Amino acid sequence: AKALRIEARSYLREEEPADAEALERLSEELSALRKRAPKLAGIPILQARLAARLSRSQDAIKILEEAIASCDDPLPAESMLIGYLMRAKQRDRALAVSRESENLLRASVGWSRHPRWDRTPPDGDINSSRSPPHRFL
């Protein structure tokens, strides 16, 4: 319940100019909650949003990477991390996180790759994947 209140306050703060002091207090509250519930992905996701709001994108990326390693359900943190990495122009890392996330998801539901659906470039180069799709058929 406390995390929901913090989340609601953080959403309200998005509509206002950034008040670094208030956002820091929210972040400290989330840190305390995270120590009590380290496996919940929602708490570090909120921490990352607050860090990004405070223009600390590298902190947000670090928080999300830690969440992926420690949370029971890393998928929401992985999705958010991919977005932050893309905005930070770290496309290769974003692609690696995306592939790892896909592999974990496939393994958890028992799916395997079908050669016709796999659009991974043969050389693994992200720039070559921007070629016309028929290249991989």
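Modeller: Let's start with S55, which is found in the loop between α3 (42-53) and α4 (57-70). Keep in mind that this is a predicted model.
Colleague: OK, and what is the phi of S55 like?
Modeller: S55 has a positive phi of about 60°, although it is not a glycine. That stands out because most residues other than glycine have a negative phi.
Colleague: Is S55 buried or exposed?
Modeller: S55 is exposed, with a relative accessible area of 67%. We call S55 exposed because the cut-off is over 50%.
Colleague: Which other residue has a positive phi of about 60° although it is not a glycine?
Modeller: K89 has one. You'll find K89 in the loop between α5 (75-87) and α6 (91-109).
Colleague: And K89, buried or exposed?
Modeller: K89 is exposed, at a relative accessible area of 62%.
Colleague: Let's zoom out. How many helices and strands are there in the chain?
Modeller: The chain has 6 helices and 0 strands. Going along the sequence, the pattern reads α-α-α-α-α-α.
Colleague: What share of the residues is buried?
Modeller: Of the 137 residues in the chain, 31% are buried.
Colleague: Last one: among contacts between residues at least 6 apart in sequence, what share joins residues at least 24 apart?
Modeller: In this chain, 45% of those contacts do.
Colleague: Great, thanks!

Definitions and conventions
Residues numbered from 1 in each chain as written. Predicted model: local features only at pLDDT ≥ 70, side-chain atom pairs only at ≥ 80, totals over all residues. Heavy atoms only, no water. Helix = DSSP H or I, 4+ residues; strand = E, 2+ residues; numbered from the N terminus. Buried < 20%, exposed > 50% of the residue type's maximum accessible area, 1.4 Å probe, protein only. Contact = heavy atoms within 4.5 Å.
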